Amino acid sequence: MFMSMVDSFEKIPVKIFDSINDGSRFMAQEIAALIREKAAKGENCVLGLATGSSPKTLYAELVRMHKEEGLSFKNVIAFNLDEYYPIDNNALQSYNRFMKYYLFDKIDIDPVNCYIPNGEWKKEDIKKHCAAYEEVLEKLGGIDLQILGIGTNGHIGFNEPGSSIYSKTRLVPLENSTRIANAHDFQNIADVPRLAITVGISTILKAKRILLMAWGQIKAPVLQKAVEENLTEQIPASLLQQHNDCVFVVDTLAASELTRFKSPWLTGDCEWTPQIIRKAVVNMALKLGKPILSLTNTDYNDNGLSDLLVEKGDAYEINLQVFYMMRDSITGWPGGKPKGGNPSLIERPEPFPKRSLIFSPHPDDDIISMGGTFMRLHDQGHDVHVAYQTSGNIAVTDEFVTRFLDFAVGFEELSGIDSKKSSQILKDATEFLKNKRISNIDTAQIRSIKGLIRRCEAKATCHYVGIGDDNIHFLNLPFYETGAIEKKPMGEEDVQITLELLKKIKPHQIYCAGDLADPHGTHKVCLDIVFESLRRLKAANEPWVKDCWVWLYKGAWQEWDISEIEMAIPMSPDQVLKKRHGIFIHQSQKDMVPFQGSDSREFWQRAEDRNANTADLYAQLGLTKYAAIEAFVRWHY
Ligand code: F6R
């Protein structure tokens with residue numbers, strides 16, 4: 001689906017699609033049309049290409065079109081934007097390898113037509129190579145169609161904030177935020193190269209047409225800045241406002257901060273549903289630093305909400321409506337309050353106790369994202385089950401696993417055990433790690449040892465909360481077990497494993513990570529698997545499914561928008577501390593985590609900041625001040 005552009009705030013045309021697949025298909029079709037049009041005229045088609053996570057679906061679609069629809073790349077000349085420096089062309093993280101793996105080796109492009117900056121160039125020769133790169137490009141008549149991604153700091157190519165609009169192909173230092181954002185491709189941040197070779201902004205702006213793609217919530221803030229705010233070298237992508245044929249192709253999540261979605265009442269007529277009213281009033285109250293009940297008619301008029309007053313009456317009544325909505329989202333009873341006292345307006349009192357099933361994509365998401373609620377559910381007598389969806393094995397460092405191997409060797413010596421088999425496992429594992437290079441993928445054996453470490457941590461956390469072994473389920477979903485960052489898509493086996501568990505437990509309520517901004521995409525796949533399983537069970541008329549409610553929490557990276565929260569579980573200072581200690585149990589994830597993402601805080605710090613922040617926002621809106629709040633949104637299916 002593609003929505004039409006609203007141009008009042010947007011200075012670059014934005015095409016919005018429901019999904020990455022739809023957006024990528026749109027781009028692939030445009031690329032294919034251009035290639036064919038040029039081929040028909042006997043001309044070459046010069047494409048500027050990007051790497052990173054964003055274009056993977058696009059390249060897969062181009063490969064499909066090549067295989068199934070006979071799209072030929074014989075007349076294509078590809079110019080890539082960038083490459084790390086220094087890096088081996090064959091290293092797992094090299095963009096040279098990336099392009100071969102995702103595109104060039106799978107289509108009929110002539111390898112001599114594939115230009116990519118080379119991370120193996122000698123440093124003293126780089127200037128010469130960069131100038132030559134520009135020269136070849138110019139001789140070929142420039143780029144016909146440039147494909148771009150966008151960094152969360154607004155970079156295009158590796159043109160970091162501050163890059164000049166006149167910049168050309170050159171060696172650049174990478175911003176720390178970029179190194180952290182890209183650390184997920186490397187074992188740890190120290191391995192991410194400090195430099196890169198990138199084509200310049202002026203090179204990009206010379207392209208005849210530009211398509212920039214952005215997917216996911218994580219890109220939403222920078223996309224809004226690039227599209228709606230003033231052109232500035234501090235947000236390199238905003239410089240594309242100067243190009244006369246540039247389109248941003250995005251999914252609904254990346255578009256979510258655009259004014260037309262964030263504040264639809266500012267860009268035209270808007271239907272005042274209770275949710276939109278809540279969003280408008282809450283945002284205004286926070287912006288003005290006023291409690292909801294103190295907002296006046298003048299505030300509404302001054303902040304673009306006069307239309308709301310015209311439709312719904314006085315500020316006093318609207319304030320009350322929104323205040324009650326916020327108040328009624330707070331409950332100390334995530335499993336519903338048993339009959340007797342004031343009923344909670346959120347979960348049902350019956351049945352009591354409930355069977356609650358928490359899906360945790362990685363072995364620590366349960367405690368990080370909903371530890372307070374997890375403990376409350378157990379303490380309030382519910383039958384709480386936890387399903388750990390993936391092993392989480394790639395997030396254990398080699399140093400950490402070596403410590404455990406050393407322990408195991410010492411333990412064997414101490415116990416006088418001479419089990420040949422286990423000794424061999426230890427020997428193999430130790431040997432492998434000693435000789436491991438950055439570009440090596442862990443063996444299945446190392447992966448299972450790393451997985452075991454995380455499994456023990458998850459178990460210990462459950463015991464700490466009070467959950468017995470019978471209620472702990474390790475699903476080890478197969479889509480995750482590639483040993484690399486790149487995971488397989490959701491498969492039938494993943495759904496079957498999940499279906500089996502659901503049928504066994506027949507939960508009254510389910511919690512899952514409704515987090516779409518997970519840097520490796522694992523949370524999204526885990527969520528899709530649960531959704532697919534529930535849809536199938538519903539279609540099969542499993543009787544318990546109609547009474548099973550699904551609550552979504554956000555993973556470690558983000559929180560729900562305050563105006564979306566449907567269930568807010570407050571925490572006391574003691575509960576905050578208890579949750580912190582529960583997170584500490586995940587020692588393999590402490591201090592130095594591989595694949596940290598763009599946030600350098602530890603998980604317990606992120607969790608505490610985020611829960612305290614939600615509590616602060618409620619207080620700012622004029623509701624009771626709690627120490628911390630965990631937040632949930634209900635998913636209807
Ligand atoms: C990659 C490149 C970068 C990426 C950007 C977004 O060739 O030039 O500008 O497009 O860092 O990366 P992803 O797509 O991984 O979010």
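**Entry 1**

I started at Ile-16, which stands opposite Val-250 in β10. Strands here are DSSP runs of E with at least two residues, helices are runs of H or I with at least four, and both are numbered from the N terminus. Two strands count as paired if DSSP finds at least two bridges between them. I then looked up the link from β1 to β10 (residues 246-251): four bridges join the two strands, which run parallel. Both belong to an open sheet of seven strands with parallel pairing, in the order β1-β10-β9-β6-β2-β3-β5. I noted β1 (14-17) and β5 (114-115) as the edge strands, each of which pairs on one side only.

This is a predicted model, so I kept its limits at hand: local features need pLDDT of at least 70, side-chain atom pairs count only at pLDDT 80 or more, and totals for chains, interfaces and linings use all residues. Residues are numbered from 1 along each chain as its sequence is written, and side-chain values use heavy atoms, with hydrogens and water left out.

**Entry 2: the antiparallel sheet**

I found an open sheet of three strands in the order β4-β8-β7, with antiparallel pairing. Its edge strands are β4 (82-85) and β7 (170-173), and each pairs on one side only. Neighbouring strands of this sheet are turned by 30 degrees against each other on average, direction ignored; the axes are lines fitted to C-alpha atoms, for helices over the stretch in contact, and angles run from 0 to 180 degrees between N-to-C directions. Strand β8 (residues 195-198) runs antiparallel to β4 and is joined to β4 by four bridges. Tyr-85 stands opposite Leu-195 in β8.

**Entry 3: backbone exceptions**

I listed these because most residues other than glycine have a negative phi, and most peptide bonds are trans. Tyr-85 and Pro-86 are joined by a cis peptide bond with omega about -15 degrees. Pro-86 lies in the loop between β4 and α3 (95-102). A cis bond also runs from Glu-350 to Pro-351, with omega near -10 degrees. I placed Pro-351 in the loop between α12 (315-327) and β11 (355-360). Asn-476 is not a glycine, yet its phi is positive, about 45 degrees. The loop that holds Asn-476 lies between β13 (472-474) and α17 (492-505).

**Entry 4: the ligand**

I counted 14 residues around the ligand, the closest being Thr-51, Ser-54, Asp-82, His-155 and Lys-219; a residue counts as near if one of its heavy atoms lies within 4 Å. This shell divides into four nonpolar, eight polar and two charged residues.

I then looked up polar contacts, taken as pairs of N or O atoms within 3.5 Å. An N or O atom in the side chain of Asp-82 is 2.5 Å from a ligand oxygen. For His-155, a polar side-chain atom lies 2.6 Å from an oxygen atom of the ligand. At Gly-157 a polar backbone atom is 2.7 Å from a ligand oxygen. The protein covers 91% of the 400 Å² of accessible area that the ligand has on its own, by the Shrake-Rupley method with a 1.4 Å probe.

Terms used:
Polar contact = N/O pair within 3.5 Å; in protein donor to acceptor, adjacent residues only side chain to side chain. Nonpolar A, V, L, I, M, F, W, Y, C, P; charged D, E, K, R; others polar.
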